[in-house]
Amino acid sequence: MVVGELDGARTPRLEALHALLREFDEDAVLSGNVFGYLWGKAGYGAILKASALTNDTIADFIAAPERQLLIRRLVQEILAVAAAEGVDPLGFDGFDPIAFLRRDDAAIAACMQRMETFNRGSAKPRSGIWRDLAIRKRQTDVAAQLAPVRAAARRHGLATPIADALVRLIGEIERGERAIGPEAADALARVAAQH
């Protein structure tokens, strides 16, 4: 749990809210960079959304050699929008957005290993998006979650072909036009390979 004022200010109301949240979660964070956490979550969340195209666990999806380029390019696409917005994204759960922004292969590999390890230890092996698609058979919030990212990209004249394809593919699964499986992730990987 992270809370912060939109302008980064530390206000009495924010401090009171943080104190209240700590009653329930002692690790709740008061941040002057709440947008950094939001954009970090957008980058990390893109991986979780893409993993829902398959029946793989999140950890297996991250570890799969055939998914490495897709993950890198998808995250870099999302974080390019954060950079255009002037936001310094922050990481969590092993995710290091700076490694992706710098395109630092060694740091990205280390980040992927940390994310895999974190997710192997999680009580939730698959994303909520996967559960919505595979178990609940209902519409996800993928399009809604990526809408602000895609809108910000358009404001800055940036293309988001991978995120756009991810929204399209998830929509096809929601409508029963496509099955969950490696073929869906392969379709997204083909788009990533072109960008």
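What follows is a short briefing, grouped by topic.

This is a predicted model, where local features need pLDDT of at least 70, side-chain atom pairs count only at pLDDT 80 or more, and totals for chains, interfaces and linings use all residues. Residues are numbered from 1 along each chain as its sequence is written, and side-chain values use heavy atoms, with hydrogens and water left out.

**The largest pocket**

- About 830 Å³ of space sits in the largest pocket. A pocket here is an open set of points on a 1 Å grid over the protein atoms alone, where a 1.4 Å probe fits, with protein on both sides within 12 Å along at least five of seven lines.
- Its lining counts 28 residues, and Lys41, Ala42, Gly45, Leu48 and Phe92 are the closest to its centre; to count as lining, a residue needs an atom within 4 Å of a point.
- Two or more lining residues come from each of α2, α6 (105–120), α7 (128–136) and α8 (142–155). Helices are DSSP runs of H or I with at least four residues, numbered from the N terminus.
- Helix α2 gives the most, with 11 residues.
- By class, the lining splits into 16 nonpolar, 6 polar and 6 charged residues.

**The second largest pocket**

- About 160 Å³ of space lies in the second largest pocket.
- Its lining includes Arg73, Glu77, Arg103, Pro161 and His195.
- Both α4 (68–84) and α9 (161–174) supply at least two lining residues, and α4 gives the most, with 5.
- This lining has 6 nonpolar, 2 polar and 3 charged residues.

**Aromatic pairs**

- The whole structure holds 3 aromatic pairs, meaning rings of Phe, Tyr or Trp (its six-membered ring) with centres within 6.5 Å.
- Tyr44 and Phe92 have ring centres 5.3 Å apart and planes at 65°, so they pair edge-to-face (planes over 60 degrees apart).
- This pair links distant parts of the chain: Tyr44 is in helix α2, while Phe92 is in the loop between α4 and α5 (97–102), 48 residues apart.

**A surface patch**

- Leu6, Phe35 and Leu38 make a nonpolar surface patch of about 310 Å². Patch residues have over 30% relative accessible area and no salt bridge, and nonpolar side chains are joined within 5 Å.
- Leu38 belongs to helix α2 (residues 34–51).

Conventions
Patches are made of residues with over 30% relative accessible area and no salt bridge: like charges are joined within 9 Å, nonpolar side chains (Val, Leu, Ile, Met, Phe, Trp, Tyr) within 5 Å. Accessible areas come from the Shrake-Rupley method with a 1.4 Å probe; for residues, only the protein chains shown count as cover. A salt bridge is a side-chain nitrogen of Lys or Arg within 4 Å of a carboxyl oxygen of Asp or Glu. Grid points are joined across faces, edges and corners, and a volume is the space filled by probe spheres set on the points. Ala, Val, Leu, Ile, Met, Phe, Trp, Tyr, Cys and Pro count as nonpolar, Asp, Glu, Lys and Arg as charged, and the others, Gly among them, as polar. Rings of Phe, Tyr and Trp (its six-membered ring) pair if their centres lie within 6.5 Å; planes under 30 degrees apart count as stacked, over 60 as edge-to-face and the rest as tilted.
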